[in-house]
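Subject: Structure handover

Hello,

Here is the structure I promised to pass on. Please open it alongside this note.

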Amino acid sequence: MVINFGEKMEIKEYNGEDYCPMFSYGGWRVAVANFCERLKEENLCRLERHLNTEEVFVLLQGEATLYIGKIMKAYPMEIGKLYNVHCGEWHCISMKMGARVVIVENDDTNDKNTERFYFRET
């Protein structure tokens with residue numbers, strides 16, 4: 001849903017599953033990630049690292065865990081705290097039903113500047 005207040009403000013909401021970019025401005029992007037089957041802990045199969053951006057995660061509701069490094073150290077997220085994954089750090093996120101996360105990253109983050117490490121077959 002998008003509500004446009006002319007040139008002064010815009011409000012967006014995303015209630016679908018998985019990742020959805022919401023706003024881009026001045027080189028950065030804000031996205032929402034909602035629970036989906038792919039992000040259940042038992043379905044995780046890969047880590048990724050971004051070569052040109054740090055990535056900030058903020059849990060809005062529910063339960064989610066960030067995994068950092070190829071050893072996949074688990075960091076259970078707390079609502080309202082900011083988690084900054086440094087540029088080049090391997091990571092992934094798992095979510096439980098009902099979880100919602102805001103993600104802030106460079107607007108040009110894409111497959112060309114992201115590497116993936118598969119630890120399980122898809």
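Predicted model: local features only at pLDDT ≥ 70, side-chain atom pairs only at ≥ 80, totals over all residues.

The largest pocket
Its volume is about 530 Å³. The lining consists of 27 residues. Nearest the centre lie Tyr-19, Arg-38, Leu-39, Arg-46 and Glu-48. Several strands each supply at least two lining residues, among them S3 (18–25), S4, S6 (55–61) and S12 (114–118). Strand S5 (46–50) is another of them, and the largest share, 4 residues, comes from S5. By class, the lining has 11 nonpolar, 7 polar and 9 charged residues.

The second largest pocket
This one has a volume of about 160 Å³. It is lined by 15 residues, with Glu-41, Thr-65, Ser-94, Met-95 and Lys-96 nearest its centre. Strands S7 (64–68) and S10 each give two or more residues to this lining. S7 provides the largest share, with 3 residues. The classes here are 8 nonpolar, 2 polar and 5 charged.

Asn-34
Asn-34 sits in strand S4, which covers residues 28–34. Is Asn-34 buried or exposed? Its relative accessible area is 5%, so Asn-34 counts as buried, the cut-off being under 20%. The side chain of Asn-34 makes a polar contact with the side chain of Arg-100, at 3.5 Å. Leaving aside residues up to four places away in sequence, Asn-34 touches Tyr-14, Asn-15, Gly-16, Glu-17, Asp-18, Leu-39, Met-95, Ala-99 and Arg-100.

Best wishes

Conventions:
Residues numbered from 1 in each chain as written. Heavy atoms only, no water. Buried < 20%, exposed > 50% of the residue type's maximum accessible area, 1.4 Å probe, protein only. Polar contact = N/O pair within 3.5 Å; in protein donor to acceptor, adjacent residues only side chain to side chain. Contact = heavy atoms within 4.5 Å. 1 Å grid on protein atoms, 1.4 Å probe; cavity = no way out; pocket = protein on both sides within 12 Å on 5 of 7 lines; lining within 4 Å. Points joined across faces, edges and corners; volume = space filled by probe spheres on them. Nonpolar A, V, L, I, M, F, W, Y, C, P; charged D, E, K, R; others polar.
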